[in-house]
Amino acid sequence: MGFYCISSKNFPAFIDELIHQQSVIAPQLVQSKPYNPSSSEFFSFSLLKKASNLRLDYDTTILPPKKVFFPPQQVLLSFKNGEFQAVLDLYETILFGVHPYDLLAIEQTDFLFSDKYEDIHYTAQRQLTTIIGSNIQRSAEHSFFSSMNANVKPSTHDGFITKIADTYIYEVLTGKAGNLLKYGQFTDASQQQIDLAVKENERVKSKSHLNYSADEIKQGLEKSYADLELWEQLAKSCYACGSCNTSCPTCYCFNIEDKWHIDQISGERTRYWDSCMTEDFAKISLGPGKSGEAQTENFRPTTGARMRHRLMRKMVYLNDKLGTQACVGCGRCATSCTADIADPVNIINTVMEKYHD
Amino acid sequence: MTKPSIFLPKQAQIINVRQNSESEKHFTLRFADGKKIHFEPGQILEVSLFGFGEIPIGIASSPTRQHSFDIVVRGIGRVSKAINKLNKGDSLYIRGPYGNGFKLDKIRNHPVLIVAGGLGVCPTRSLIQYILDRRSEFKHFTLFYGACHPSQQLFRDDLSDWRKNNDIELLEIVDRPDCDWQGYVGVITDLFDKTQVDKDTRVIVCGPPIMFKFVIQKLDQLGIAHENIFVDLERRMKCAIGKCGHCQINHKYVCTDGPVFSVKDLEDLPEAF
Ligand SMILES: Cc1cc2nc3c(=O)[nH]c(=O)nc-3n(C[C@H](O)[C@H](O)[C@H](O)COP(=O)(O)OP(=O)(O)OC[C@H]3O[C@@H](n4cnc5c(N)ncnc54)[C@H](O)[C@@H]3O)c2cc1C
Ligand code: SF4
Ligand code: SF4
Ligand code: FES
């Protein structure tokens with residue numbers, strides 16, 4: 001559908017006009033970040049109020065953009081006096097400035113939420129969202145996206161913006177993205193500009209790297225499975241806080257709970273993000289035992305068993321279904337882990353040292 | 001709006017309630033819109049009560065009995081205890097059926113043994129009724145039923161029918177007898193010494209997680225192939241549609257790939273037992 005260009009000078013007016021037309025969710029600077037004093041700048045995808053707040057030079061965001069279609073809390077149904085209905089809190093929006101690794105992650109959740117049983121609480125909001133990707137101007141501290149999913153190119157987004165010198169090259173992939181052209185002073189991009197944009201995207205590399213192929217990692221992890229002791233070592237200082245899951249763009253596990261409103265006759269059935277690293281994730285109640293005490297069974301009772309599960313899910317279990325690994329190498333899990341043990345690069349290197357032949 | 005939400009349940013009326021034992025209630029249900037439910041023995045439902053929550057429950061009646069369907073709920077936590085306070089005329093909210101059933105095509109024309117411990121008799125009652133209703137499709141049919149105590153036996157009316165019925169060989173065992181008890185005393189695996197189990201038998205095992213290992217050991221001694229042993233697994237479940245991740249056993253999902261698995265299928269799933 002074509003490549004267009006807009007000058008840096010005209011770019012803010014384009015963004016302000018987008019904001020005027022629709023809600024725009026885009027990367028912005030978040031001020032205080034007490035939990036990680038070593039890094040001064042943290043970014044977040046949030047509602048953009050003015051063009052000057054847009055930070056396309058962000059390294060990565062604290063939470064991934066999945067929250068637009070799969071929010072941390074989402075009401076599924078509401079009920080009152082025996083009556084009930086589905087709740088869809090939908091809004092048209094432009095999700096602007098998504099990095100390629102997150103585009104790949106969105107492609108995965110798009111598939112997973114539609115596979116077999118379509119979940120309209122995700123897909124309906126997804127359809128109302130126009131996604132415009134952007135090139136990575138600087139890579140995040142723990143990122144290793146250059147080592148992941150080398151053979152897959154993101155394809156579910158609508159458009160892509162690349163900054164070259166003092167110009168933005170806008171690639172239009174769908175009608176939705178084409179519709180935005182009228183809000184800015186775009187001209188056709190030249191072949192030379194297009195080539196520069198391609199080069200700019202190829203140039204950017206992640207800070208961290210894995211030295212093994214997807215197949216090697218899969219085989220190594222599978223071999224390490226029986227070595228629970230190794231996994232317990234790796235997860236020894238885990239707090240079971242689940243931050244490595246909540247910050248992950250490809251984690252999509254959830255819990256569902258009912259809550260009453262204060263009137264005690266109405267309420268809501270809500271889903272919440274859940275984390276396989278938390279202690280009760282795979283725990284069931286078995287009822288009272290022989291002496292009457294409540295019995296439970298936990299199918300992944302230790303931090304090691306749960307860390308192994310998280311890594312298997314990212315690098316092994318879903319590979320056939322997705323045709324690629326379920327980790328995009330954003331490095332957010334590593335950044336969010338207070339115990340500093342969640343980095344897949346470190347985990348995989350340790351495992352491979354022992355199990356790569 | 002495009003499609004309806006997959007989380008939207010259907011209202012079902014409770015048309016009968018029986019107190020099965022101290023903590024279990026047996027509900028007979030019918031959809032409020034009069035529609036029938038189509039399912040296979042072994043499939044599960046998501047059963048909910050608004051304001052309390054939703055839980056997975058096996059269907060305890062056979063699809064050959066179409067006028068209504070049954071569930072048995074043990075009151076052990078927030079949702080199940082709230083459900084067990086309901087009475088005839090009240091409503092429950094149902095999604096499903098989900099998952100696979102007891103692989104009828106693999107057990108037809110073979111001898112069948114069901115090993116049911118505790119609450120495990122609930123989902124298997126669906127298959128028991130099915131076999132009794134279509135008796136000629138199956139060969140010799142044996143049921144092992146284990147409970148802690150005679151007072152915890154479920155389906156008392158059914159049991160007294162089954163004891164008299166020549167279409168089913170019923171062996172009952174309890175941990176702790178009372179003075180009226182006439183069955184066996186011990187653990188469920190003791191029943192293997194009380195009868196003959198043909199090598200060609202298709203075996204269905206359903207009960208608390210610790211039971212599986214011991215039963216499978218016995219079946220191994222009898223030389224029954226792992227592809228002919230089927231287990232009904234229990235895991236935490238929140239969606240029953242393969243998304244929420246709670247029921248995962250390695251790369252499989254109990255809600256969509258199970259809850260019934262052959263022991264052969266579980267051989268490359270170390271998390272299963
Ligand atoms: C395939 C399958 C079939 C089942 N069939 C029956 C049946 O026929 N009759 C019956 O009484 N029970 C059955 N159960 C168990 C039943 O689902 C649990 O007893 C119930 O979920 C407990 O919920 P609660 O809110 O009352 O307990 P709480 O202890 O308050 O549990 C909180 C939440 O944890 C989860 N959970 C806890 N225990 C279990 C468990 N054992 N299995 C699954 N999720 C659990 C549920 O999401 C539950 O809402 C079945 C479970 C599975 C997986
Ligand atoms: S690995 Fe780190 S982030 Fe993940 S649960 Fe453990 S302590 Fe939390
Ligand atoms: S596992 Fe970590 S690095 Fe991989 S996609 Fe998730 S948050 Fe990013
Ligand atoms: S119950 Fe949610 S994935 Fe199986």
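Visitor: Which backbone contact does B:Gly58 make with ligand 1, and how far apart are the atoms?

Guide: A polar contact is a pair of N or O atoms within 3.5 Å; within protein, one must be able to donate a hydrogen and the other to accept it, and residues adjacent in sequence count only if both atoms are side-chain atoms. Here, a backbone N or O atom of B:Gly58 lies 3.1 Å from a nitrogen atom of ligand 1. For B:Val72, a backbone N or O atom is 2.7 Å from a nitrogen atom of the ligand. A polar backbone atom of B:Arg78 lies 3.1 Å from an oxygen atom of ligand 1.

Visitor: What kind of model is this, and how are its parts numbered?

Guide: This is a predicted model, in which local features need pLDDT of at least 70 and side-chain atom pairs count only at pLDDT 80 or more, while totals for chains, interfaces and linings use all residues. Residues are numbered from 1 along each chain as its sequence is written, chains are lettered from A and ligands numbered from 1 in the order in which they are written, and side-chain values use heavy atoms, with hydrogens and water left out.

Visitor: How much of ligand 1 does the protein bury?

Guide: Accessible areas come from the Shrake-Rupley method with a 1.4 Å probe; for residues, only the protein chains shown count as cover. Taken alone, ligand 1 exposes 820 Å², and the protein buries 89% of that.

Visitor: Where does ligand 1 lie, and which residues come nearest?

Guide: A residue is near a molecule if one of its heavy atoms lies within 4 Å of it. Ligand 1 lies between chains A and B. Of the 23 residues around ligand 1, the nearest are A:Ser285, B:Pro56, B:Arg74, B:Ser80 and B:Glu234. Strands (E, at least two residues) and helices (H or I, at least four) are DSSP runs, numbered from the N terminus. Strand β4 of chain B gives the most to this shell, with four residues.

Visitor: Which classes of residue make up the shells around ligand 1 and ligand 3?

Guide: Ala, Val, Leu, Ile, Met, Phe, Trp, Tyr, Cys and Pro count as nonpolar, Asp, Glu, Lys and Arg as charged, and the others, Gly among them, as polar. The shell around ligand 1 has 13 nonpolar, four polar and six charged residues. Around ligand 3 there are seven nonpolar, two polar and two charged residues, including A:Cys248, A:Cys327, A:Cys330 and A:Cys333.

Visitor: How many aromatic pairs are found, and how is such a pair read?

Guide: Rings of Phe, Tyr and Trp (its six-membered ring) pair if their centres lie within 6.5 Å; planes under 30 degrees apart count as stacked, over 60 as edge-to-face and the rest as tilted. The whole structure holds 27 aromatic pairs over all chains. In one of them, A:Phe70 and A:Phe113 are 5.2 Å apart centre to centre with 55° between the planes, a tilted pair. A:Phe70 lies in the loop between β3 (42–47) and β4 (73–80) of chain A and A:Phe113 in helix α2 (residues 100–114), so the pair ties together parts 43 residues apart in sequence.

Visitor: Are A:Phe70 and A:Phe113 buried or exposed?

Guide: Buried means under 20% relative accessible area, exposed over 50%, and partly exposed in between (1.4 Å probe, protein chains only). Both A:Phe70 and A:Phe113 are buried. The ring centres of A:Phe113 and A:Tyr252 are 5.7 Å apart with the planes at 70°, so this pair is edge-to-face.
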